[in-house]
Amino acid sequence: MTPETTPARMFSEQPAEFQLKETSPSLGGEKIVGGRRIKGEKAGAFDLVEKMEYLFVRVVKARELPAKDITGGLDPYVEVRHGNFKGTTKHFEKNHNPEWNHVFAIAKDRLQATSVEVMLKDKVLVTDDLVGLVRFDLNEVPTRVPPDSPLAPEWYRLEDKKGDKVKGELMLAVWYGTQADEAFAYATHSDATPAVDAQILNSYVRAKVYHAPRLWYVRVNIIEAHDIFASDKSRIPEVLCRARIGSQMMKTKAIQSRMPIFRWNEEFMFVAAEPFEEQLVLSVEDRIGPSKEEVIAHVHIPLTSVDKRVDDRNIRPKWFNLKKPVVVDLDQLKEDKFSSKVHVRICLDGGYHVLDESTQYSSDLRPSAKPLWKPPIGVLELGILTADGLHPTKTREGKGACDSYCVAKYGHKWVRTRTVVDNLSPRFNEQYTWDVYDHATVLTVGVFDNCQLGEKSFS
């Protein structure tokens, strides 16, 4: 490499938006300044991300609520209010002892008042009625630091707006915590409201971890078929065998024979995912014209009944009875039935890795069979901090908006951060881990817009 093409010179010639930028994040246990680590407070489980503090409000359940309409019924729900933040639980119909177990998380940098109100309301057609409320002074809210146990909820007597006691109690827990708190993952966040309807869209904006099913190769060796009789007796049949698993389809060559025996001995490879809910469908067909086949008989073979192998041992072939493609096969109903048969060798081959990614960006090279896995060589830790300079992907109230979340994939494990609504520079600060089995693998990270949240999502 010549001096004119040094890495530093190559980077300096790139457009400004693609050049490397130095950041100084305040991580859990230290601060990075000028590439140097400055020790700070004791690092915790989330030491790769900036600590974000939240006010958590957990609404567990209610009891002994009063009747509000003439029928003695009550359709209760809870509304949590602080400043301009308003979060609601789902409502129950005709229930005086509802249970929600719903958690709200309000970012501490968005706290705008000295108290938070938890109001229990009765859902009606016009204006919802207030049943009672509980107020918490933020100066008296305790702080929870994991690995301390979660804060135990307590029963609180409802009050009216004047502070007088009314009938009914709420079980609540209110505390300060960070994204290291277990409640963080399933809470309704202040940066996801008011776009989120508590009953519908929470599943679309919460952080989630997915485990992709393991893939296996299905090796199908179609050997021969016996007692194959075409419907047209005036011509020599030209018979092939078609194999299908889901949307994957392959077929043998078509061969002619005056005898009802057809031999192909062709092998195909399919891919199937655990728990093997699909079936292998073998269909013996007669080619009666160009690109036109007529089904003579078929068989459905559950993949759960197929042998697995993790080495090169020989799998014995099996004969399978074929059925005619009619609603009722009279020949099959006879006591001394005589059916067509197909001879195939099938196995789930677990000794190989099913490559479902680009070879340059493969995140996993392990074989399908778990007994062949070697012990992990280490742990990969990823802290997803922020995204900057995102472009608007939709319009909301006449302005450009983006509801972004981050996805990371390595091996069978996918992670998705929570959605940060209407923010072109979102702060995620979420941390995830993976077991690493091979150095020559790649972690893939991407930023997406949440298309589930549109302009109509806002009230």
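Residues are numbered from 1 along each chain as its sequence is written, and side-chain values use heavy atoms, with hydrogens and water left out. Because the model is predicted, local features need pLDDT of at least 70 and side-chain atom pairs count only at pLDDT 80 or more, while totals for chains, interfaces and linings use all residues.

Helices (H or I, at least four residues) and strands (E, at least two) are DSSP runs, numbered from the N terminus. Leaving aside neighbours within four places in sequence, Leu280 is in contact (heavy atoms within 4.5 Å) with residues including Val220, Ala243, Val299 and Ile346.

Leu170 lies in strand E10 (residues 165–178) and counts as buried because its relative accessibility is 0%. Beyond its neighbours within four places in sequence, Leu170 is in contact with, among others, Val78, Trp100, Val118 and Tyr156.

Next comes a sheet. Strands of a sheet pair through backbone hydrogen bonds, either parallel or antiparallel. In this model, an open sheet of four strands runs in the order E12-E27-E26-E29, with antiparallel pairing; two strands pair if DSSP finds at least two bridges between them. Strands E12 (208–211) and E29 (444–449) stand at the edges with a single partner strand each, so one side of each has no neighbour in the sheet. E12 pairs with strand E27 (residues 413–416) over four bridges, and Lys208 has Arg416 in E27 as its bridge partner.

Aromatic rings complete the picture. The structure holds eight aromatic pairs, where rings of Phe, Tyr and Trp (its six-membered ring) pair if their centres lie within 6.5 Å; planes under 30 degrees apart count as stacked, over 60 as edge-to-face and the rest as tilted. The ring centres of Phe136 and Tyr156 are 5.0 Å apart and the planes stand at 80°, so this pair is edge-to-face. Phe136 is buried, with a relative accessible area of 10%, whereas Tyr156, at 25% relative accessibility, is partly exposed. Trp216 and Phe276 are also edge-to-face, because their planes stand at 75° with centres 6.2 Å apart. Trp216 lies in strand E13 and Phe276 in the loop between E17 and E18, so the pair ties together parts 60 residues apart in sequence. Lys308 lies over the face of Trp216, at 4.8 Å from the ring centre; a charge sits over a ring if NZ of Lys or CZ of Arg is within 6 Å of the ring centre and within 35 degrees of the ring normal.

Note on methods. Buried < 20%, exposed > 50% of the residue type's maximum accessible area, 1.4 Å probe, protein only.
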